[in-house]
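This report describes one protein model, from its overall build to a few single residues. The sequence and structure come before the details.

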Amino acid sequence: MKHPQTGLTGQLSDIDFRLLRIFKAVVECGGYSAAEVVLNINRSTISIHMSDLETRLGMVLCNRGRGRSSFSLTHQGEEVYGAICELLNHVEQFRNRVNAIQSQLTGKLRIALPDDLLEIPQIDLAPVISQFREQAPNVNLEVVAHSPSEVDLDILNGQADLGINVISLKRPGLEYLPIYQHQTSLYCGDRHPLFAVRPEQLTLEQVIQYDLVGSSYTLSPEVVQRYNLFTSKAVANHMSGRTLMILSGTYVGFLPDYYAQKWVDAGRLKKLDLKELNYSVDNAVMYRKGEEKNVLIKLFLETLTHKR
């Protein structure tokens, strides 16, 4: 469908900004289907919004098709995406400059965290939040807990200002500040046949014959290599769901050692301690590129690094 080349006229309204943010989210998710979850609207509604934006701008922004691999931007779409990123960064910079002009810090800082944060011994955010509040009492803090894949997308799509998450694959639009590592191992439940096998009798060939429950989010090549050793796989997007499936006795699965320890102590889980399967994971504070001078993000990072 061709759009008349009228260009962008008039003032940018709230509706225009909403359409621009939707387009940005679709691009960064790689298509309509993945964007449904991020935007919390169905594919047909996204399609309508995209058509409205193309009409508003007078140009075709993307090549539509079925499936993630069929989605692509036109040359004009690539240019518009870059312009949107610049525009939204300028809006954010304006807000931060206005905040800085005032005698005290104000505004909102939105933090996305993994859903198992309180289980992680390497980091204690409670004193960090306490000190941050002392230094910026008029800043509203908003904390959301999600699965790892959702934390990254919250930040990329402007739903959060910063987050703490595992580094699986580094996303081009994010900056990373590593803060700790954790160890991950393969576990089985007390109902599973491998639970009774003595550690010295355990072999890799034996373990990979069983069904694996894994993560639904993007994994690093190192982890994917381990997952691919198993022929039968199920997925769970949250740690609690993965643990439940392991406890059922029908699956083995990878869990962080810190998270699994309480179940090991209770006699419900057993570590299948094979060096070929164990691996370490880096965790980092992450925020959008270009946000280094955001006064609230800068203060939070300074407080966090000081408390480590």
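A residue is called buried when its relative accessible area is under 20%, exposed when that value is over 50%, and partly exposed in between (1.4 Å probe, protein chains only). Helices (H or I, at least four residues) and strands (E, at least two) are DSSP runs, numbered from the N terminus. The model is predicted: local features need pLDDT of at least 70, side-chain atom pairs count only at pLDDT 80 or more, and totals for chains, interfaces and linings use all residues. Residues are numbered from 1 along each chain as its sequence is written, and side-chain values use heavy atoms, with hydrogens and water left out.

**Overall build**

The protein has 11 helices and 11 strands. Its C-alpha trace spans about 75 × 50 × 25 Å along the principal axes. Of the 308 residues, 46% are buried. Contact here means heavy atoms within 4.5 Å; among contacts with a separation of 6 or more, 69% are between residues 24 or more positions apart.

**Nonpolar cores**

A nonpolar core is a set of buried Ala, Val, Leu, Ile, Met, Phe, Trp, Tyr and Cys residues joined through side-chain atoms within 4.5 Å. The largest one holds 35 residues, and Phe23, Val26 and Ile46 touch the most other members. At least two residues of this core come from each of α1, α2, α3 (43-57), α4, α6, β6 (174-189) and β11 (279-288). The largest share is that of α1, with 8 residues. Another core, of 34 residues, lies apart from it and includes Val139, Leu247, Ile297 and Leu304.

Leaving out residues up to four places away in sequence, Ile46 touches Ile22, Val26, Tyr32, Ala35, Glu36, Leu39 and Ile41.

**The largest pocket**

A pocket is an open set of points on a 1 Å grid over the protein atoms alone, where a 1.4 Å probe fits and protein lies on both sides within 12 Å along at least five of seven lines; lining residues have an atom within 4 Å of a point. The largest pocket has a volume of about 780 Å³, a volume being the space filled by probe spheres set on the points, which are joined across faces, edges and corners. Its lining counts 31 residues, and Lys24, Leu156, Asn157, Gly158 and Arg288 lie nearest the centre. At least two lining residues come from each of α1 (14-29), α2 (32-39), α4 (75-101) and α6 (148-156). The most come from α4, which gives 7.

The table sorts the lining by class.

| Class | Members of the class | Lining residues |
|---|---|---|
| Nonpolar | Ala, Val, Leu, Ile, Met, Phe, Trp, Tyr, Cys, Pro | 12 residues |
| Polar | the others, Gly among them | 7 residues |

**Helix α6**

Because 7 of its 9 residues are buried, α6 is largely enclosed by the rest of the structure. The buried ones are Pro148, Val151, Asp152, Leu153, Asp154, Ile155 and Leu156. After α6 comes Gly158, with a positive phi near 80°.

**Two loop residues**

Asn40 sits in the loop between α2 and α3. Although not a glycine, Asn40 has a positive phi of about 60°. Asn40 is exposed, with a relative accessible area of 68%.

Lys289 is in the loop between β11 and α11 (295-307). Lys289 is partly exposed, its relative accessible area being 42%. Not counting residues up to four places away in sequence, Lys289 touches Asn89, Pro172, Gly173, Leu174 and Glu175.
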